[in-house]
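Colleague: I am new to this structure. Please walk me through how to read it.

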Amino acid sequence: MTVESTAARKTTRRSSGAKRTTGASAGAKKADQAPAGEPELVQLLTPEGERVQHPDYDIDLSAEELRGLYRDMVLTRRFDAEATALQRQGELGLWASLLGQEAAQIGSGRALRDDDYVFPTYREHGVAWCRGVDPTNLLGMFRGVNHGGWDPNSNNFHLYTIVLGSQTLHATGYAMGIAKDGADSAVLAYFGDGASSQGDVNESFVFSAVYNAPVVFFCQNNQWAISEPIEKQTRVPLYQRARGFGFPGVRVDGNDVLACLAVTRSALERARRGEGPTLVEAFTYRMAAHTTSDDPTRYRRDAEREAWEAKDPIQRLRTYMENEGHADAAFFEELEAESENLGKHVREVVRAMPVPEHMAIFDHTYADGHALVDEERAEFAAYQASFANGEAE
Amino acid sequence: MAVQKLPLAKALNESLRKALETDPKVVVMGLDVGKLGGVFRITDGLQKDFGEDRVIDTPLAESGIVGTAIGLALRGYRPVVEIQFDGFVFPAYDQIVTQLAKMRARSLGTVKMPVVIRIPYGGGIGAVEHHSESPESLFAHVAGLKVVTPANSSDAYWMLQQAIQSDDPVIFFEPKRRYWDKGEVDTEAIPGELHKARVAREGTDLTLVAYGPMVKTCLEAATAAAEEGKSIEVVDLRSVSPLDFDTIQTSVEKTGRLVVVHEAPVFFGSGAEIAARITERCFYHLEAPVLRVGGYHAPYPPARLEEEYLPGLDRVLDAVDRSLAY
């Protein structure tokens with residue numbers, strides 16, 4: 001149903017990739033006329049903060065719920081900014097910012113039930129927030145004190161996966177397990193436009209379709225895979241790929257938290273009903289560099305970023321709430337204070353994060369032990385002990 | 001029923017049946033493992049008895065098979081994956097090395113990965129390309145994985161049981177050219193440890209170390225050498241990672257000579273690791289350098305040439321002679 005929505009069909013016709021043979025100049029002109037981010041997609045809140053209707057998706061939220069989503073996005077952005085600053089101060093080795101993707105992550109993350117399971121990439125800081133993972137837990141790997149290190153089962157939030165797309169298969173297998181258990185939970189698997197080219201993502205589409213697994217694939221198309229624009233990954237809109245695998249795909253305004261919530265909720269409900277997977281493409285933009293090691297000035301224009309700034313996910317919700325009287329000045333002031341406190345908390349925790357004791361190198365390699373690990377651990381301990389008398393030479 | 005004479009393939013089949021009976025969380029998955037019973041019939045009859053939900057014919061994508069097995073393990077299942085042939089495992093190599101092997105450490109021990117990946121391996125059956133390889137070293141090199149390979153029916157039965165019970169990922173290499181060799185299986189005997197080597201034949205002049213398909217070859221070599229008055233000890237490693245250096249050391253301290261035999265290419269093969277470690281451990285006991293017999297640094301050859309490429313009785317005996325000549 002979702003693939004066949006009016007919006008989807010219009011987008012197909014507008015796809016510039018398919019029209020290129022009609023003449024390069026015409027294609028280029030069209031692209032200029034319709035700057036990035038203007039395709040047909042599910043939208044419930046315009047960039048100007050105007051509430052609009054969609055025939056297939058709707059959502060009815062109380063003022064309190066709206067304030068909740070706003071708070072989530074603001075605090076996530078604040079946490080993200082703090083982490084970027086900590087990297088600049090040398091407290092973190094690296095940071096992958098989610099700036100600009102708050103609505104995609106909070107909208108989808110708040111669609112989940114507690115018993116659902118999430119398989120993130122390494123940028124899902126907003127989803128982690130929704131799952132109740134202490135944000136400082138996300139920083140251990142970026143500070144270099146662990147490779148993740150939270151218990152995935154305490155919040156049903158799997159470890160960050162760095163190799164692109166691998167987690168979509170884990171998500172699919174986990175969903176197959178849910179189906180075997182006869183449970184009605186669902187799995188939400190995150191990946192990006194770059195990972196959409198990976199074999200594993202495509203294999204996860206095949207497996208989830210064949211087994212009708214209760215998994216929702218949430219692709220944040222932030223337009224850039226480090227320096228490669230979306231045109232280097234695909235010549236069809238990503239959500240349309242789902243149709244070839246036999247399940248619905250839908251494109252949502254990834255900067256519209258209401259639409260992301262409505263679309264993800266609907267896809268998760270569908271999965272729970274035993275109707276199988278859905279691909280959600282959240283059309284958004286990576287406002288920051290790929291990571292703190294990246295330099296986007298080498299490959300993209302400021303004008304593009306500025307155009308997306310006008311579609312900011314937080315500002316549009318704020319405008320809407322203010323116009324509708326859903327939040328007063330006190331709310332925004334209190335939230336600002338809460339943000340400051342969060343930033344302070346993050347700074348303090350990160351700076352106090354202990355470097356693991358050196359014998360930890362050997363820990364957790366195996367569950368049932370391994371003779372070689374035991375031997376090397378003993379050798380290493382003896383070597384370290386040889387410095388104990390201050391005789392390091 | 002306790003003691004039966006079974007082909008190695010049938011022993012594996014019985015072992016899987018037992019695991020499926022004993023633990024409802026065990027699932028078998030792979031290509032053609034259901035109705036067909038696997039191309040080597042290792043899973044014959046299992047889907048009929050345990051259903052499509054537990055003996056799962058998968059789409060034809062090895063990375064997908066292992067990747068979804070990881071997800072099932074995270075959900076509390078114990079998947080036993082079949083990779084159809086040795087040379088087909090590489091699409092799944094990323095999932096095995098990057099995800100399966102490291103998941104436990106990455107989670108600081110909060111998750112476990114009880115996944116068994118069964119791989120029929122090795123040559124000698126006249127197959128086409130990619131059906132005769134021995135990639136065990138490529139897995140033994142990876143921390144987080146365990147690598148085992150039975151050489152007879154009893155070990156096939158019991159080592160598979162133990163691998164399935166392990167909370168660590170185990171790459172289970174099956175010597176496909178020995179699938180049809182019969183041996184006694186006592187399904188009620190208490191087995192030894194999964195990762196302990198076994199002295200398959202005692203001797204005093206030289207130690208042959210082998211595993212999987214080469215154990216039989218080495219036992220034949222020892223018999224032939226005995227006719228010439230040479231007393232050869234044969235150690236069946238059973239486990240490539242962890243590797244039971246203690247048993248090899250004990251043997252070499254007695255014999256003073258060591259020849260390692262495997263089908264895999266010698267260069268960077270498990271024989272290199274064994275030679276280095278045993279030289280370290282037994283330097284003053286060695287009467288000769290540790291020698292290796294194995295495949296060459298060339299792609300596995302067409303079937304008509306494989307008998308020249310594979311270590312056979314003559315090449316093993318040649319190495320025995322060279323060692324004894326020191």
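Colleague: Where is P242(B) found?

Modeller: P242(B) sits in the loop between β12 (239-241) and α9 (245-255) of chain B. Helices (H or I, at least four residues) and strands (E, at least two) are DSSP runs, numbered from the N terminus. A word on the source: this is a predicted model, where local features need pLDDT of at least 70, side-chain atom pairs count only at pLDDT 80 or more, and totals for chains, interfaces and linings use all residues. Residues are numbered from 1 along each chain as its sequence is written, while chains are lettered from A and ligands numbered from 1 in the order in which they are written.

Colleague: What is the peptide bond from S241(B) to P242(B), cis or trans?

Modeller: Start with the general idea. Most residues other than glycine have a negative phi, and most peptide bonds are trans. The bond from S241(B) to P242(B) is cis, with omega near -5°.

Colleague: Which phi values do L108(B) and R238(B) have?

Modeller: Both are positive, in residues other than glycine. Phi of L108(B) is near 55°. Phi of R238(B) is near 70°. L108(B) is in the loop between α5 and β5 (116-121) of chain B. R238(B) is in the loop between β11 (232-236) and β12 of chain B.

Colleague: Is R238(B) buried or exposed?

Modeller: Count C-beta atoms, placed from the backbone: a residue is buried if 20 or more others lie within 10 Å of its own, exposed if 12 or fewer, and partly exposed in between. R238(B) has 26 such neighbours inside 10 Å, so R238(B) counts as buried. L108(B) has 19 within 10 Å and is therefore partly exposed.

Colleague: How do α8(B) and α12(B) pack?

Modeller: Two packed helices are described by the angle between their axes and the distance between the axes. Axes are lines fitted to C-alpha atoms, for helices over the stretch in contact, and angles run from 0 to 180 degrees between N-to-C directions. Helix α8 (residues 214-227) and helix α12 (residues 313-324) of chain B pack at about 60°, with axes 9 Å apart. They are therefore oblique to each other. The cut-offs: under 35 degrees is roughly parallel, over 145 roughly antiparallel, 65 to 115 roughly perpendicular, and the rest oblique.

Colleague: Which residues of α8(B) and α12(B) make the contact?

Modeller: Two residues are in contact if their C-beta atoms, placed from the backbone, lie within 7 Å. From α8(B) come T217(B), C218(B), E220(B), A221(B), A224(B) and A225(B). From α12(B) come L313(B), V316(B), L317(B) and V320(B). By class, the contact has eight nonpolar residues, one polar and one charged. Ala, Val, Leu, Ile, Met, Phe, Trp, Tyr, Cys and Pro count as nonpolar, Asp, Glu, Lys and Arg as charged, and the others, Gly among them, as polar.

Colleague: How many residues does each chain give to the contact between chain A and chain B?

Modeller: Chain B gives 34 residues and chain A gives 36. On the side of chain B, α3 (62-74), α4 (93-100) and α5 (103-106) each give two or more. The largest share, nine residues, comes from α3(B). That side has twelve nonpolar, 15 polar and seven charged residues.

Colleague: What does chain A come to in helices and strands?

Modeller: Chain A has 16 helices and seven strands. Of its 393 residues, 45% count as buried.
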